[in-house]
Amino acid sequence: MTYDDFLAELKPVDRIHVAFLEKITRRTARRIKGKLRVLEIGSQWGLSTCAFLHHPKVVLFSVDLKHNYGEYLRRTEGLGVRHRILELKGDSHDVLPMLRRLQPAPFGLIYVDGDHAVESVRQDLTNGQALIHPSGVMILDDVGEMFPGV
């Protein structure tokens, strides 16, 4: 599968979302020296995963309750990017504090798209702030009217 094949199979709204993530990734990569460490909280369909990994500087830490979603596996294997993903299985509320203790290098980009409950998002934001590079970017997905309070 090529990246163009990946884009072609997406709905128009998903292509817009992926293009936005690609743009943010490129801009962030210009500000961060060396590899761009991306922390992805929630990876269900692999759309954000593939968008981030389209940039050659990205090394992705993906936190999810499971990484065996059919589309996620098909896309990451098809694009040949699985070797650049560290899959961290578990609840982000447990995994992020562990990363804080174990990972001395900060993340240049953090993408929050896990549990959409208000308190859960707040906890991901708080935990993410302790892990972000001073020049880094944190993106919240699925905020607004569909997700009251978020």
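**Reading burial, a sheet and a helix**

Me: Is Gly42 buried or exposed, and what is its relative accessible area?

Reply: A residue counts as buried under 20% relative accessible area, as exposed over 50%, and as partly exposed in between, using a 1.4 Å probe and protein chains only. Gly42 has a relative accessible area of 10%, so it is buried. This is a predicted model, in which local features need a pLDDT of at least 70 and side-chain atom pairs count only at pLDDT 80 or more, whereas totals for chains, interfaces and linings use all residues. Residues are numbered from 1 along each chain as its sequence is written, and side-chain values use heavy atoms, with hydrogens and water left out.

Me: Where does Gly42 lie, and which residues is it in contact with, leaving aside its neighbours within four places in sequence?

Reply: Helices (H or I, at least four residues) and strands (E, at least two) are DSSP runs, numbered from the N terminus. Gly42 belongs to the loop between E1 and H3. Contact means heavy atoms within 4.5 Å. Beyond its neighbours within four places in sequence, Gly42 touches Ser48, Val63, Asp64, Asp113 and Gly114. Asp115 is 73 residues away from Gly42 in sequence, yet their C-alpha atoms are 7.8 Å apart in space.

Me: In what order do the elements of the chain run?

Reply: There are six helices and five strands. Starting at the N terminus, they follow the order α-α-β-α-β-α-β-α-β-α-β.

Me: How should I read the sheet: what is the order of its strands, and which are the edge strands?

Reply: Two strands pair if DSSP finds at least two bridges between them. Here five strands form an open sheet, ordered E3-E2-E1-E4-E5, with parallel pairing. Strand E3 (85–89) and strand E5 (132–140) are the edge strands, each pairing on one side only. From one strand to the next, the twist averages 15°. Helix H2 (residues 12–31) packs on this sheet and touches E1, strand E2 (58–64), E4 and E5; its direction makes about 175° with that of E5. Such angles run from 0 to 180 degrees between N-to-C directions, and the axes are lines fitted to C-alpha atoms, for helices over the stretch in contact.

Me: How many bridges join E1 to E4, and how many residues of E4 are buried?

Reply: Strand E1 (residues 36–41) and strand E4 (residues 107–112) run parallel, joined by four bridges. Val38 stands opposite Leu109 in E4, and Ile41 has Val112 as its bridge partner. E4 also pairs with E5 in the parallel sense, over five bridges; there Phe107 stands opposite Ile132. Six of the six residues of E4 are buried, so the strand is largely enclosed by the rest of the structure.

Me: Which residues of H4 are buried, and why do they line one face of the helix?

Reply: In helix H4 (residues 70–78), the buried residues are Tyr72, Arg75 and Thr76. Seen down the axis of H4, they fall within an arc of 90°, so they line one face. That arc is taken from the directions that lead from the helix axis to the C-beta atoms. The face turned away from the buried side carries the exposed residues Gly70 and Glu77. Cover for the buried residues includes helix H1 (3–8), helix H3 (47–53), E2 and E3. Just after H4, Gly80 takes a positive phi of about 70°.
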